[in-house]
Amino acid sequence: MDLILRLDAKRCADGVGRVRRQFSWRSRRHEPVVREAADLGNPLVIHFLNANTNDKLIDFLSTFGLPGGFLLRTPEKRAAVRFLSLSDVPEEFRLGAPDGDLPFESSTFVWDAQEEMRLLLRDATSDNAVRMEKAATRALRLACRDADPSAVGRRVALTVPTLIAFMCFEVYMVIENGAHVAPCTRCKLLFLYGKGTERRSTGTYCSANCRVGAHRESKRRD
Ligand SMILES: [Zn+2]
């Protein structure tokens, strides 16, 4: 079966900021984050895991949107309710009204999501058949939980509304391909290597930049 995978999420056109313990949209202006097909050459899950400071996370969330839908406060501002997509927001939440609330997410949720993806990817690349199978099942469940299937010609298109779902599909593809993950010797950022990725073998550097940089640094030391 041929599968087309689509991410159909929204991000704030003005990015997100960190307010107290939350990542919040800076304005109501939004634009789609569209991605077709998981691409192990440039996987979102690796970008997410490498966003290991608040500043880097703000860059990531501004580029790709909040990872698991978003929270909005009820009109009485008492509780926060989670929505997966802007079109799910009922009228009474008054998104777009002058006193309406902006979509936000708690920092804890984002850091927890990152930890979950880290563990999932660790099992996915463990070379242990039992752990890999468990990781594959978990990744598929999370990816398909809110997925919307449709037929496109003779193929199946699966549209997912959240980054988490899309990244889980990437992890599933890592397992399918038997790809691996490693930290760069120079900058410590993670990168994928093996089938389906841009790199065929281990290598020790994440990029040509780091390889050249490390080479220069070692010359300077001589
Ligand atoms: Zn590097």
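Helix H4 and helix H5 are roughly antiparallel to each other, a term for angles over 145 degrees, where helices are DSSP runs (H or I) of at least four residues, and strands are DSSP runs (E) of at least two, numbered from the N terminus. The model on screen is predicted, so local features need pLDDT of at least 70 and side-chain atom pairs count only at pLDDT 80 or more, while totals for chains, interfaces and linings use all residues. Residues are numbered from 1 along each chain as its sequence is written, and side-chain values use heavy atoms, with hydrogens and water left out.

Begin by selecting residues 129-144, which are H4, and residues 163-177, which are H5; their axes come within 8 Å and cross at roughly 150°, the axes being lines fitted to C-alpha atoms over the stretch in contact, with angles from 0 to 180 degrees between N-to-C directions. Show the side chains next, and the contact (heavy atoms within 4.5 Å) is made by residues including Met132, Ala136 and Leu140 of H4 and Cys168, Phe169 and Tyr172 of H5.

Now select Phe70 in strand E5 (residues 70-73) and Phe83 in strand E6 (residues 80-83), a pair that links parts of the chain 13 residues apart. The ring centres of Phe70 and Phe83 are 6.2 Å apart and the planes stand at 40°, so the pair is tilted; rings of Phe, Tyr and Trp (its six-membered ring) pair if their centres lie within 6.5 Å, with planes under 30 degrees apart counting as stacked, over 60 as edge-to-face and the rest as tilted. Both Phe70 and Phe83 are buried, that is, under 20% relative accessible area with a 1.4 Å probe and protein chains only, whereas exposed means over 50% and partly exposed lies in between.

Finish at Asn42, in the loop between strand E4 (30-36) and helix H1 (44-50). Asn42 is partly exposed, with a relative accessible area of 35%, and beyond its neighbours within four places in sequence it is in contact with Arg35 and His47. The C-alpha atoms of Asn42 and Phe83 are separated by 28 Å.

Key:
Parallel < 35°, antiparallel > 145°, perpendicular 65-115°, else oblique.
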